Amino acid sequence: VDRDAYMFGMRVGKTFKNAKYSPTITLWYDHLSGTDDSDGVNNDMATFDTHHDTGHKFYGFMDHYLARDGSRTDMLGLTDLAVKSKFKLGGGWLLKADWHQFRTDIDFGDNPQMAAESSLGATDGTLGTDLGNELDITLVHKYASNVKLVYGYSHYWNSNLFATLNNTHNQDGAGNASTQNNSGSDWAYIMADVKF
């Protein structure tokens, strides 16, 4: 197998120091290449391999896109368009809000061979590249010089493509894989970060 993959990212941010809460806004884009039908025919691996992945820090706190083997995208690559913000609320409190739009690099429906090898064998050309959206809200309180308390909440808006690629998480009432399960998912946590 020949490897011909790439990844690039862009960050553009601004902190408004003189405004209330000193907000910081960052526009964020990452592009990880994927493998299409022509790559498969030519025995090429075009999916970018992140090796020692730290995706939790980058691609949403719900960790849908961590695995180095293309998990959750069936080797179709990943693009992440995000808006990240943080606000200094005073009294040792910091509020962060991140919004992500996830897509595959390769169009699932336009690559019938990749689609046929997927978990559902779907070849629906309407599935496109949309994997869904995620919102991460984080509230951080500096309790002491070496202690931070972190409260977090995340919501993922599912898509038909995400359901198709991840059918083990999306089943109908009879336990069969379903591309029509667009139910969102939620995750919340409380964490104490102590430095010794």
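In this predicted model, K84 lies over the face of W28, at 3.6 Å from the ring centre. The charged end of R11 also sits over the ring of W28, 3.4 Å from its centre. A charge is taken to sit over a ring if NZ of Lys or CZ of Arg is within 6 Å of the ring centre and within 35 degrees of the ring normal.

R11 has a further partner, D30, with which it forms a salt bridge whose closest N and O atoms are 2.6 Å apart. The bridge links distant parts of the chain, with R11 in strand β2 and D30 in strand β3, 19 residues apart. The criterion is a side-chain nitrogen of Lys or Arg within 4 Å of a carboxyl oxygen of Asp or Glu, and by this rule the count comes to one salt bridge. Side chains of opposite charge can pair when their charged atoms come close. Which of the two partners is buried? D30 is buried, with a relative accessible area of 1%, whereas R11 is partly exposed at 38%. Buried means under 20% relative accessible area, exposed over 50%, and partly exposed in between, with a 1.4 Å probe and protein chains only.

The structure also holds 10 aromatic pairs. The rings of Y6 and F8 have their centres 6.4 Å apart and their planes at 5°, so this pair is stacked. F8 forms another pair with Y29, which is tilted, at 6.0 Å centre to centre and 45° between the planes. F8 lies in strand β2 (residues 7-15) and Y29 in strand β3 (residues 24-32), so the pair ties together parts that are 21 residues apart in sequence. Rings of Phe, Tyr and Trp (its six-membered ring) pair if their centres lie within 6.5 Å; planes under 30 degrees apart count as stacked, over 60 as edge-to-face and the rest as tilted. Elsewhere, ring pairs link Y65, F102, Y156 and F162 into a cluster.

| Residue | Relative accessible area | Class |
|---|---|---|
| Y6 | 41% | partly exposed |
| F8 | 37% | partly exposed |
| Y21 | 37% | partly exposed |
| Y29 | 23% | partly exposed |
| D63 | 29% | partly exposed |

Two of these entries also concern the backbone. Y21, in the loop between β2 and β3, has a phi near 70°, a positive value in a residue other than glycine. D63, in the loop between β4 and β5, has a positive phi of about 60° although it is not a glycine. Most residues other than glycine have a negative phi, and most peptide bonds are trans.

The loop between β4 (44-45) and β5 (78-90) also holds T73. T73 counts as buried at 5% relative accessibility. Which residues does T73 touch, not counting residues up to four places away in sequence? They are Y65, L78, T104, L131 and L165, where a contact means heavy atoms within 4.5 Å.

For the chain as a whole, there are three helices and nine strands, in the order β-β-β-α-β-β-β-α-β-β-α-β along the sequence. Helices (H or I, at least four residues) and strands (E, at least two) are DSSP runs, numbered from the N terminus. Of the 196 residues, 39% count as buried. Among contacts between residues at least 6 apart in sequence, 62% join residues at least 24 apart. The accessible surface comes to about 11000 Å², of which 54% belongs to carbon and sulfur atoms; the areas come from the Shrake-Rupley method with a 1.4 Å probe.

Confidence is expressed as pLDDT, the predictor's confidence in each residue, from 0 to 100. The mean pLDDT of the chain is 83, and 82% of its residues reach 70 or more. Where pLDDT is low, the predicted coordinates should not be read in detail.

Local features need pLDDT of at least 70 and side-chain atom pairs count only at pLDDT 80 or more, while totals for chains, interfaces and linings use all residues. Residues are numbered from 1 along each chain as its sequence is written, and side-chain values use heavy atoms, with hydrogens and water left out.
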